[in-house]
Amino acid sequence: MENIRKVTISVRNLVEFILNAGDIDNRYGRRDSMEAMQQGSKLHRKIQKSMGSGYQAEVMLRIAVEKLQEGEWYEINVEGRADGIFQEEDLPVIDEIKGVYMELAHITDMIPVHRAQAMCYAYIYAKQCSHERIGIRLTYCNIESEQIKYFDEKFTLKALEDWFDKLTCEYCKWAAWQYQWRVQMQESCRGLAFPFPYRSGQKDLVAGVYKTILREKKLFIEAPTGVGKTISTVYPSVMAMGEGQAEKIFYTTAKTITRTVAEDTFGLLIEKGLKFKVVTITAKEKICILEKPDCNPVACERAGGHFDRVNDAVYDMLTHETRISRELIQLYAKKHRVCPFEMSLDVTLWADAVICDYNYIFDPNVYLRRFFANEKPQKFVFLIDEAHNLVERAREMYSATLYKEDFLTVKKLIGDRHKNLVKCLERCNSDFLIMKRECDDCEVFEDINGLALHLQRLMAEFDEYLQEKAAVEDKETIVRFYLDVRHFVHMYELLDENYLIYADYDETARFRVKLMCMDPSRNLLQCLNKGKSAVFFSATLLPIRYYKEQLGGKEEDYAVYAPSPFSTDNRLLMVGSDVSTKYNRRTDSEYERIVQYIECFTAAKVGNYFVFFPSYAMLQSVAELAGERLPGLVLQTSSMTEEEKERFLTDFAEETKATRIGFCVMGGIFSEGIDLKNDRLIGAVIVGTGLPMVCNERELFRGFYDERSQSGFEYAYLYVGMNKVLQSAGRVIRTIEDKGAILLLDERFLNRQYQELFPREWFPFETVQLPLMEQKLKEFWND
């Protein structure tokens, strides 16, 4: 048939999308099915091998069916891999194996979507092999106990054919929409021009991103503020979509402000004629209609029957909207009475671009399983903004901590309601007690195999307990502990030479055991391998070899430096040579010199200034010493709300008639991700080198990398600290028209190892003391 339109979908995605029904209900404690699938893969293979020589394992099946939709013919290709096929009394049987954590006694029948998967495979196999009858078997296996439970059912080919025809007919309207939209999208890309005149080096950057995608590589970009790195990465990625070189763009970042920039960038291209569906994922806590998410029909009116209504909600939105913002998600979710968060996740299946936090790609607990749970790589492009943040974030994602005291707290809350669970909690507490006796301050352990085994048994009992939906005191504490244990067990499965196991005491003397990810590159690479290409970019990706190594880069991947478009005449960078913030120099006299520098720096011109400190303690000490000497002084406080943050920034207005000085903390909410353009900020003082405080964890990092590469200080302290410095200094010059001064206050900035981490545009800089600084500022502002 000529001009037939082809669409491909996996068996799993087809049945989960069309047949998912019922309520959202968090009252059950069972773990995510995808996690069970991954954790049980070894058990999966063990079952297949035990079935004998007549058992065919991992059989690839596919079928194409033709459907008529709105006068057009579509070929829907459905494909997947059956776990097994075997003969039983001359009848072929499709085996669908499901690893689960829950007690098998709770499974009394086939779970509908699992049954539907097996039925799809059964139809395809029976149709292709001309079997008039065929059977299916659901094999449920408990991952911890390895107990197995079977469910069997037989079908005629005619019954399966009628069922499959109805299933694919329901999907056809979606397939038709998807095909027609993709044609429109690709046609709109062909005539899409870059929306601005190219700045120096920008065209090469755009070409580099496009070639990286075509060659299926990774690209690391050090791009100073003003280069236009967002449009320089988004535009070529969109063009790759138009050429069929990519299927979906994931724009990931750690900050709300950079998500807004990404939304505006896609919006600009859409205004220029691009046909593109873009959705932003907002965290559940922020978009939930309840004060605190509680996802079940009793607590939330939208949870009941959510899955019965959500497909209609998604289709309604897709056929009427293009830029799918948080506000639009909330509007359509209200209209169709569905959960806005879950709806936003479903919209991602059909969107061309997804803007989201790093978590949705890399975090083992919340990553988008609908895209990344399968091993088969897809033509996804990952655009990773503010990539310098991902190293520490990834280490946190892939690390896990448990506290001894929590076992006793939960044991008390459980009481006598579940004796086996209490016994498991006591056993784990005993393991912690043994480790505590060995630990005076900080102790590294070669293995914790005994504890890990006991934690796995604890998880099995927890699943049993949470299935009961019993009303208990402080269930939130119990569930939070359950999730902590689950994460710990999951991370234990990932242990390799990139991890360290240690125990110590927190600041309140609570004993803890931690699986610490020292090098996240392998875990990140496994995620990146689910896509086609990745582009990492930041204004502070120095040294680039360090970030390339830590973020999963390979030798053959690319790294580029984008030159700054700003004139050096508009920026004055100075280093105070007679100040130190080393711990043994933190005295009143040193703080007095810091105050004098700040006084002189901010007195040179009326305007808005930030002063960044390495800690709240130093910030407060200097503020108290300064007293009334600094005009318009405002202080950042810990745990500021969004409203307090906005009020703080509002004080820094354009065309101010009086000086305003903001004391802030390096690495905090005002040191990156904010955009005070023009004269909203004309100067920044960075007090100290930003090095993290010495603690057990940092010293373990130091020892680990000293042993691996003799770079312990750099990896544990220097690179982390200098990135905070670079980010803080980057608040000053935001546009080509901006003019501003930067003062680095610490004599260590004159050392070679620090200056090697200065970006190119920081050279040349001025080495000053107070009298010379005053002169340089006068010349700069009067120029």
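Visitor: In which loop does Arg337 lie?

Guide: This is a predicted model, in which local features need pLDDT of at least 70, side-chain atom pairs count only at pLDDT 80 or more, and totals for chains, interfaces and linings use all residues. Residues are numbered from 1 along each chain as its sequence is written, and side-chain values use heavy atoms, with hydrogens and water left out. Helices (H or I, at least four residues) and strands (E, at least two) are DSSP runs, numbered from the N terminus. Arg337 lies in the loop between helix H11 (326–336) and helix H12 (340–347).

Visitor: What is the phi of Arg337, and is Arg337 buried, exposed or partly exposed?

Guide: Arg337 is not a glycine, and yet its phi is positive, at about 55°. For accessibility, buried means under 20% relative accessible area, exposed means over 50%, and partly exposed lies in between (1.4 Å probe, protein chains only). With a relative accessible area of 49%, Arg337 is therefore partly exposed.

Visitor: Is Ser130 buried or exposed?

Guide: Ser130 lies in the loop between helix H4 (112–129) and strand E5 (133–142), and although Ser130 is not a glycine, it has a positive phi of about 60°. The relative accessible area of Ser130 is 59%, so Ser130 is exposed.

Visitor: Which residues make polar contacts with the side chain of Asp504 through their own side chains?

Guide: Asp504 belongs to strand E15 (residues 499–505), and because its relative accessible area is 2%, Asp504 is buried. A polar contact is a pair of N or O atoms within 3.5 Å; within protein, one must be able to donate a hydrogen and the other to accept it, and residues adjacent in sequence count only if both atoms are side-chain atoms. At 2.6 Å, the side chain of Asp504 makes such a contact with the side chain of Arg512, and at 3.2 Å it makes another with the side chain of Asn696.

Visitor: Which residue is joined to Glu88 by a polar contact of side chains?

Guide: Glu88 is found in strand E3 (residues 72–88), and it counts as partly exposed because its relative accessibility is 33%. Contact means heavy atoms within 4.5 Å, and, leaving aside neighbours within four places in sequence, Glu88 is in contact with Val93 and Arg137. The polar contact between side chains, at 3.5 Å, joins Glu88 to Arg137.

Visitor: How many residues of helix H20 are buried?

Guide: Helix H20 runs over residues 521–528 and is mostly covered. Its buried residues are Ser521, Asn523, Leu524, Leu525, Cys527 and Leu528. Of the 8 residues in H20, the number buried is 6.

Visitor: What is the omega of the peptide bond from Leu542 to Pro543?

Guide: Pro543 lies in the loop between strand E17 (533–538) and helix H21 (544–550). The peptide bond that leads from Leu542 to Pro543 is cis, and its omega is near -5°.

Visitor: What is the radius of gyration of the chain, and why does it agree with a compact globule?

Guide: The radius of gyration is taken over C-alpha atoms, and the globule rule is 2.2 Å times the number of residues to the power 0.38. For 783 residues, a compact globule would have a value near 28 Å, so there is agreement with the radius of gyration of the chain, which is 29 Å.
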